[in-house]
Amino acid sequence: MSTKVLISGASIAGPALAHWLGRYGFEVTVVELAPALRGGGQNVDFRGRTHLSVLERMGVLDELRTLDTGGSPMTFLGADGRRLLHLPAEFAGGELEIPRGELAQLLYRHSLSRAEYVFGDSITVLEEAPGGVRVAFRHGAPREFDLVIGADGLHSNVRRLAFGPEQRYVRHLGYYAATWQLPGGLGLPPGSVGLNVPGRLVSVGADHRDPTRAGAFCLFASPELRYDRHDVEQQKALVRDAFAGLGWEVPRLLESLRGAPELYFDSISRADVPTWSSGRIALLGDAACGATIGGMGTGTAVVAAYVLAGELARACGDHRTAFGRYEGLLRRYAQGCQKGGDRTGPFLAPRTATGLRVRNGLLNRRWVLDRMLALGKQVSSVELPDYAGESSGRFSAAG
């Protein structure tokens, strides 16, 4: 019998793990709360030899290169419209930048022949038994699996059910961010351009492949807010309130928000879980060690999926051995990448005019940019095992 693995989450980490586990012969089911794959979102990037080598081993690197945006230069304007700072494409885009929705679609396609996907459902109960995990769902019939993996993001449902309330593990870092799509045709240059005042940034960027589309991004400093994470209209109101009264193109961007079919809105936060597994249940990606923006979360998730699947195959389904090896190999690496998320808010929207001047003064020096790019590549690199030839999923997980 194959080892049965349930993965919660069909964004990036979940399909990447499904791809590898299916290749090794595991029987994989992926459950996703949303009714379909989510589109939209910011572009995501890969940088350094570790990210690219894992994508190459997956067999998706060449296809991803055809989706590469080429990076997104960023221009920051002051309240008077004067340019404060310009960051080149490679600063934000790394060596490979992909629209998040297109990356999710590609990983889904590559895993679909090896995994069962269940959309529009979620886990409600996890009950560990000597031989597996009994799982109840909001809509589907209860089932039993050998292992359960929470790849369901910073606000992980699996982590809440198996490890405890979110407030134990997720810390607010003082900012909120939002993105949405809007019609193009604004005469925008490549990349993004935005208004940057103390504590706030709002920007818009044209889609370089489709001139009829553009994307808005905003970020603002705020204490922790209380709101319904599933109430999009309430979140739109929070964004409008945060940027009310600003000039430049802000009124037009806020007006476009009213009709936006999708909105990504979340706090800039980080998750820190002392142990990434509990019995037969483990966490992957942002659920274990995440940062909302700037923590190289996408690259780390793809790397972690590769290692978790490889260790499960190498250990012949012995989850106790595999989960321990997985965390031992990656915890320090993931935490190093995660630290970048702590600086994202203060970097993009310093809270004071002095902070803005200091940032602009530093980053208008090319050698500072080069140094930061080099450090980013160094942080994102780690030596990984080679799991080539592993195909050990056809067994029952150890009791």
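Student: Before anything else, what does "buried" mean here?

Tutor: Buried means under 20% relative accessible area. Over 50% is exposed, and partly exposed lies in between. Keep in mind that this is a predicted model.

Student: Fine. What share of the protein is buried?

Tutor: Buried residues make up 55% of the 399 residues.

Student: And how many helices and strands are there?

Tutor: The protein has 14 helices and 18 strands. Its radius of gyration is 21 Å, close to the 21 Å that the globule rule gives for 399 residues, so the protein is as compact as a globular protein of that length.

Student: What box do the C-alpha atoms fill?

Tutor: Roughly 65 × 40 × 35 Å, taken along the principal axes.

Student: What about surface? How much of it belongs to carbon and sulfur?

Tutor: The accessible surface comes to about 17100 Å². Carbon and sulfur atoms hold 52% of that.

Student: Charges next. How far apart are the mean positions of the positive and negative ones?

Tutor: They are 5 Å apart. The protein has 45 positive and 41 negative charges.

Student: Now the fold. What is the strand order in the open sheet of six?

Tutor: The order is 7-2-1-11-18-17, and the pairing is mixed. Strand 7 (115-119) and strand 17 (277-278) are at the edges. Each has a single partner strand, so one side of each has no neighbour in the sheet.

Student: In which sense do strands 2 and 7 pair?

Tutor: Strand 2, residues 27-32, pairs with strand 7 in the parallel sense, over five bridges. Within that pairing, valine 28 stands opposite alanine 115 of strand 7.

Student: Strand 1 is in that sheet too. Where does leucine 6 sit, and is it buried or exposed?

Tutor: Leucine 6 is in strand 1, residues 4-8. Its relative accessibility is 0%, so leucine 6 counts as buried.

Student: What does leucine 6 touch?

Tutor: Leaving out residues up to four places away in sequence, leucine 6 touches Thr29, Val31, Ile123, Val135, Phe137, Phe145, Leu147, Val148 and Ile149.

Student: What happens just after helix 1?

Tutor: Glycine 25 takes a positive phi of about 100 degrees.

Student: Which residues other than glycine have a positive phi?

Tutor: Tryptophan 248 is one of them, at about 55 degrees. Cysteine 316 is another, with phi near 55 degrees. Most residues other than glycine have a negative phi.

Student: Where are those two?

Tutor: Tryptophan 248 is in the loop between helix 7 and helix 8 (250-258). Cysteine 316 is in the loop between helix 10 (297-314) and helix 11 (319-342).

Student: How accessible are they?

Tutor: Tryptophan 248 is at 33% relative accessibility, so it counts as partly exposed. Cysteine 316 is partly exposed as well, with a relative accessible area of 46%.

Student: Which way do strands 12 and 16 run?

Tutor: Antiparallel, with eight bridges joining strand 12 (residues 170-183) to strand 16. Valine 170 has alanine 271 as its bridge partner in strand 16.

Student: What about serine 269, buried or exposed?

Tutor: Serine 269 lies in strand 16. It is at 2% relative accessibility and counts as buried. Its contacts include Leu154, Val170, Arg171, His172 and Gly290. Glycine 341 is 72 residues away from serine 269 in sequence, but their C-alpha atoms are 7.9 Å apart.

Student: Last one. Where is serine 222, and what does it touch?

Tutor: Serine 222 is in the loop between strand 15 (213-221) and helix 7 (232-243). At 8% relative accessibility, serine 222 counts as buried. Beyond residues up to four places away in sequence, it touches His172, Gly174, Tyr175, Tyr176 and Arg351.

Terms used. Residues numbered from 1 in each chain as written. Predicted model: local features only at pLDDT ≥ 70, side-chain atom pairs only at ≥ 80, totals over all residues. Heavy atoms only, no water. Pairing = 2+ DSSP bridges. Helix = DSSP H or I, 4+ residues; strand = E, 2+ residues; numbered from the N terminus. Rg over C-alpha atoms; globule rule 2.2 N^0.38 Å. Buried < 20%, exposed > 50% of the residue type's maximum accessible area, 1.4 Å probe, protein only. Areas by Shrake-Rupley, 256 points an atom, 1.4 Å probe, with all protein chains shown as cover. Lys, Arg positive; Asp, Glu negative; His and termini not counted. Charge placed at Lys NZ, Arg CZ, Asp CG, Glu CD. Contact = heavy atoms within 4.5 Å.
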